[in-house]
Amino acid sequence: MIMEDAETGEQLYVDTHDKKFRERFHSAMQQREDVLKQSFKRAGVDALSLSTEDDMVRAIVRFSQQRQQLRRMH
């Protein structure tokens with residue numbers, strides 16, 4: 001697979017069949033997610049994780065409703 005940096009245009013060939021690459025990528029992704037979650041938590045910001053498989057409108061409405069319910073409880 002060829003991946004391209006949207007900012008620099010640099011292209012990189014990635015062998016997605018390489019198990020060690022997939023493990024490193026997964027680890028790096030997990031670390032990034034953890035850092036983001038902690039940053040949002042410290043800032044008092046709610047985060048919404050979305051998938052391309054989700055219906056975006058429904059997911060955002062559900063997230064908004066959950067936040068409203070939590071506010072009512074406090």
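Which residue forms a salt bridge with Asp46? Arg67 does, and the closest N and O atoms of the two are 2.6 Å apart. This is a predicted model, where local features need pLDDT of at least 70, side-chain atom pairs count only at pLDDT 80 or more, and totals for chains, interfaces and linings use all residues. Residues are numbered from 1 along each chain as its sequence is written, and side-chain values use heavy atoms, leaving out hydrogens and water.

**Confidence**
- The chain averages a pLDDT of 92 (the predictor's confidence in each residue, from 0 to 100).
- Helix α2 (residues 56–73) has the lowest mean pLDDT among the elements, 91, while α1 has the highest, 95; helices here are DSSP runs (H or I, at least four residues) numbered from the N terminus.

**Salt bridges**
- The structure holds 2 salt bridges (a side-chain nitrogen of Lys or Arg within 4 Å of a carboxyl oxygen of Asp or Glu).
- The Arg67–Asp46 pair links distant parts of the chain, 21 residues apart: Arg67 sits in helix α2 and Asp46 in the loop between α1 and α2.
- Arg67 is partly exposed at 31% relative accessibility (buried is under 20%, exposed over 50%, partly exposed in between, with a 1.4 Å probe and protein chains only).
- Asp55 and Arg58 also meet in a salt bridge, at 3.7 Å from N to O.
- Arg58 counts as exposed at 58%, whereas Asp55 is partly exposed at 39%.

**Positive patch**
- Lys19, Lys20, Arg22 and Arg24 gather in a surface patch of positive charge (residues with over 30% relative accessible area and no salt bridge, like charges being joined within 9 Å).
- Arg22, part of helix α1 (residues 19–43), is partly exposed at 43%.

How values were computed
Patch = residues over 30% accessible without salt bridge, like charges linked within 9 Å, V, L, I, M, F, W, Y side chains within 5 Å. Areas by Shrake-Rupley, 256 points an atom, 1.4 Å probe, with all protein chains shown as cover. Lys, Arg positive; Asp, Glu negative; His and termini not counted. Charge placed at Lys NZ, Arg CZ, Asp CG, Glu CD. Helix = DSSP H or I, 4+ residues; strand = E, 2+ residues; numbered from the N terminus.
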